[in-house]
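Work through the exercises below with the sequence and the model side by side. Each task is followed by its solution.

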Amino acid sequence: MSFVIRFAVLLGTLLAVDSAVFAQGQSPWRAHDLTRPRPPVVTPSPIGGVRKPPSDATVLFDGSDLSEWESEEGGPSEWELKSGAMMPTSESGPNRSKKAFGDVQLHLEWAAPNPPEGTSQDRGNSGVYLMGLYEVQVLDSFDNETYADGQCASMYGQNPPLVNANLPPGQWQSYDIVFRRPRFDSDGNLRSPAVMTVFQNGVLVQDHFELWGPTNWLRFDPYKAHTNRLPITLQEHGNPVRFRNIWVRELVETPRYSSLAEVTSNRKLPTQQLKRFVGKFRRSSGEPYETRIHNGGLQLGLEGRFFDLVPKTNNVFDFKNTFAKVFFEFDDDDSLDGIVVDVMGEKRPAKSESPR
């Protein structure tokens with residue numbers, strides 16, 4: 001087999017593998033599949049001291065009290081407050097925020113028990129449930145083998161983390177979670193799924209993952225329409241996992257655009273009229289500018305690129321897609337004397353170098 005043929009076969013194989021990696025469809029693994037590959041281990045830096053919340057954050061726990069939390073039944077929180085951290089007790093259930101949230105940036109810090117006890121899912125187990133339904137797993141996954149979609153920072157039962165970024169038990173670790181809630185139409189049908197991006201100890205571990213529905217153990221539940229705001233829940237799983245420094249920033253629903261806005265004009269100048277704006281210019285700094293006619297319109301060249309211009313008045317053109325404009329200056333005899341390029345409020349004059 002020739003080199004060219006061998007290369008073509010190899011390239012085809014690589015492309016097939018690449019397309020399989022990024023193809024969307026049914027997962028080849030069932031929930032908690034022991035044959036699913038485990039994420040590689042990386043060593044993050046320790047988080048250091050407590051990170052202060054930004055000015056627009058809602059602080060849910062600063063170590064001083066449990067006033068922002070309640071039990072699953074709505075009564076006072078049953079968790080224990082100790083040394084600036086909170087943790088479940090053997091008698092407590094989940095801890096739920098009194099406030100309800102939708103789209104949020106959530107920061108929290110947690111530490112698994114040290115010395116560690118148990119193995120797999122019985123070691124440092126807890127969870128962070130956005131809207132009480134969508135879990136980011138908390139687990140002591142430092143030298144602790146378990147199924148891939150159940151290890152620390154997994155979307156429990158759905159998606160393993162990209163890497164295992166755990167610190168040793170007893171050390172404080174951080175989650176920074178960006179959560180976009182699911183959207184439902186007026187009939188309760190799913191319009192768009194919940195999406196999560198997660199950093200553990202500053203390392204990206206979930207990259208804009210679209211959840212398939214609520215996360216559960218041994219169940220695959222489809223979405224059911226729910227309210228736009230629900231509490232955040234911390235799981236009690238029989239392990240004294242400590243939590244501190246919890247705050248959220250509520251996120252607005254930002255529009256998504258497919259392209260830039262374009263300037264339009266009612267003025268259509270024929271080529272003969274556009275010729276009076278064509279020339280070469282130079283700034284006092286030595287930077288050259290050039291105007292030319294291209295595809296029936298005027299363009300300005302600067303910094304190695306040409307930009308389409310749209311006529312607005314007799315001597316002013318706007319950039320088509322950029323918040324900038326060009327003023328053309330003429331002598332008394334109507335000769336082109338120079339231009340002023342206004343780049344977002346910064347005036348850049350240039351004198352004509354064209355022969356008169």
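**Exercise 1.** Find the bridge partner of Gln105 in β9, then trace the pairing of β9.

Solution. Gln105 is bridged to Val178 of β9. Strand β6 (residues 104-111) pairs with β9 in the antiparallel sense over 7 bridges; strands are DSSP runs (E, at least two residues) numbered from the N terminus, and two strands pair if DSSP finds at least two bridges between them. Next, β9 is joined to β12 by 6 bridges, and these strands run antiparallel. Here Ile177 stands opposite Val198 in β12. As for cover, 6 of the 8 residues of β9 (residues 173-180) are buried (under 20% relative accessible area, with a 1.4 Å probe and protein chains only).

The model is predicted: local features need pLDDT of at least 70, side-chain atom pairs count only at pLDDT 80 or more, and totals for chains, interfaces and linings use all residues. Residues are numbered from 1 along each chain as its sequence is written, and side-chain values use heavy atoms, without hydrogens and water.

**Exercise 2.** Classify Phe199 as buried, partly exposed or exposed.

Solution. Phe199 lies in strand β12 (residues 195-200). Its relative accessibility is 33%, so Phe199 counts as partly exposed (between the buried limit of 20% and the exposed limit of 50%).

**Exercise 3.** Give the strand order of the open sheet of 5 strands.

Solution. The order is β2-β5-β14-β7-β8, with antiparallel pairing. The edge strands, each pairing on one side only, are β2 (69-71) and β8 (134-138). Between β2 and β5 (residues 95-101) there are 3 bridges; Ser71 has Asn95 of β5 as its bridge partner.

Conventions: Helices (H or I, at least four residues) and strands (E, at least two) are DSSP runs, numbered from the N terminus.
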